[in-house]
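Okay, thanks for coming, everyone.

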Amino acid sequence: MKYIEARIFSSKQGLEPLASVVMAMGITNFAIDDPSEVAGLLNKKNQHDWDYVSSEVLAAGENEASITLYLDDTGEGRKALQKLRSAIVELKSGEAEGLYGQGVTFGRLEVEDRIVDDAAWKDNWKEYFKPFKATSRIVVKPTWEEYGGSSGELVIEMDPGMAFGTGTHPTTSMCMKFMERCAGQFKAVLDVGCGSGILSIAAALLGAEDVLGLDIDAEAVRVAKENVELNGFGGIVRIAEADLVKGVGFIADMAVANLIADLVLLLAEGIHGNLAPGGLFISSGILVEKLHETIAGIRAAGFEILDILEEDEWCAILARSRKNGA
């Protein structure tokens with residue numbers, strides 16, 4: 001099958017507003033290429049974080065930041081591409097007018113597109129996905145790789161397919177670090193924007209007895225269900241296609257949302273309404289420059305901030321509902 005590959009170039013500052021524009025169009029499957037992550041990888045202190053870095057990865061560290069997405073090569077797909085171009089023009093105009101702050105630059109904000117055949121790219125990423133120790137106990141292992149784990153490790157078998165979430169990105173691993181720290185404090189977990197289902201599975205591994213993972217993307221839901229079954233948690237983890245927290249009749253004692261800052265702010269109040277008194281809320285996908293704004297929004301939604309993790313320009317926030325149970 002043929003697709004339109006659209007790549008939008010920006011600065012690092014432009015990645016989050018650019019992602020917001022893309023998601024506002026209903027496009028949830030896209031790849032973020034952030035060259036600063038290569039520098040962060042090379043600066044890792046732990047030997048197990050990486051063994052070998054190819055020349056291609058080193059070269060990627062010198063590139064611009066970008067977002068890549070795929071549209072069907074149809075009339076509808078080409079209309080979506082044109083709509084995307086118009087939205088990028090509006091974003092660039094807003095930047096020029098200073099709507100995003102003085103001195104904020106989003107780079108060139110140009111869209112490059114080409115026609116590709118899915119057979120040429122859909123499985124290529126697998127060569128870069130290896131067993132990865134996301135926390136002190138949790139290891140994420142691709143289904144096609146062998147791994148001899150040590151005693152006490154919790155292993156997640158993962159085939160993310162075209163859905164977001166392998167555990168290697170700091171936004172995901174920081175969520176799992178908070179979840180591991182809070183093990184024993186939750187039984188019912190709500191995973192908002194579950195992607196590949198990795199955090200839902202991690203919750204079950206850490207002792208959750210009832211997990212609901214939600215995503216608005218049908219492909220993500222399909223992949224997450226397969227991963228849940230692969231890990232043997234079909235009786236504990238449910239995955240559903242839904243408009244995230246809207247109309248969800250599920251009360252959790254922990255919610256996780258690995259999204260972007262704008263979506264965390266948009267959904268914080270709804271997530272608060274789906275938490276039991278004193279319930280925990282882990283949010284991630286937040287750039288450092290958005291941290292204070294996100295903290296303020298989470299507090300306004302009824303939470304107290306317990307802790308913050310930072311890694312490679314990304315943040316995760318651990319909060320608790322201030323409900324008194326009355």
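Let's start with Ile32, which stands opposite Ile67 in S3. Keep in mind that we're looking at a predicted model here. That residue pair belongs to S2 and strand S3, residues 65–72, which pair in the antiparallel sense over four bridges.

Now zoom out to the sheet around them. Its order is S2-S3-S1-S4, four strands in an open sheet, and the pairing is antiparallel. Which strands stand at the edges? Those are S2, residues 30–33, and S4, residues 110–117; each has a single partner strand, so one side of each is left without a neighbour in the sheet. From one strand to the next, the twist averages 20°.

Two helices pack on this sheet, and I'll take them in turn. Helix H1, residues 15–24, touches strand S1 (2–10), S2 and S3, and its direction makes about 10° with that of S3. Then there's helix H4, residues 75–96, which packs on the sheet as well and touches S1, S3 and S4. For H4, the direction makes about 5° with that of S1.

So how do these helices sit against each other? As a reminder, two packed helices are described by the angle between their axes and the distance between the axes. For H1 and H4 the angle is about 145°, and their axes are 10 Å apart. H1 passes H4 in a right-handed crossing. On the H1 side of the contact you'll find Pro17, Leu18, Val21 and Val22, and they meet Leu84, Ala87, Ile88 and Leu91 in H4. What classes of residue make up that contact? Eight are nonpolar, with no polar and no charged ones.

Next, the spaces. The structure holds one cavity of 30 Å³ or more, and the largest cavity has about 50 Å³ of space in it. H1 and strand S12 (275–287) are the elements that give two or more residues to the lining. By class, the cavity lining has six nonpolar residues, one polar and one charged.

Some names come back here: Glu16, Pro17 and Leu287 are among the lining residues.

Last stop, a second sheet. This one is open too, with three strands in the order S5-S6-S7 and mixed pairing. S5 (132–133) and S7 (154–158) are the edge strands, each pairing on one side only. Strand S6, residues 138–142, pairs with S7 in the parallel sense over five bridges. If you want a spot to look at on screen, find Val140, which stands opposite Ile156 in S7. And what lies across S6 and S7? That's helix H7, residues 198–205, running at about 150° to S7.

That's my tour, so over to you for questions.

Definitions and conventions: Residues are numbered from 1 along each chain as its sequence is written. This is a predicted model: local features need pLDDT of at least 70, side-chain atom pairs count only at pLDDT 80 or more; totals for chains, interfaces and linings use all residues. Side-chain values use heavy atoms; hydrogens and water are left out. Two strands pair if DSSP finds at least two bridges between them. Axes are lines fitted to C-alpha atoms, for helices over the stretch in contact, and angles run from 0 to 180 degrees between N-to-C directions. Contact means heavy atoms within 4.5 Å. A crossing is left-handed if the near helix is turned anticlockwise from the far one by less than a right angle, and right-handed if clockwise. Ala, Val, Leu, Ile, Met, Phe, Trp, Tyr, Cys and Pro count as nonpolar, Asp, Glu, Lys and Arg as charged, and the others, Gly among them, as polar. On a 1 Å grid over the protein atoms alone, a cavity is a set of points where a 1.4 Å probe fits but cannot get out, and a pocket is an open set with protein on both sides within 12 Å along at least five of seven lines; lining residues have an atom within 4 Å of a point. Grid points are joined across faces, edges and corners, and a volume is the space filled by probe spheres set on the points.
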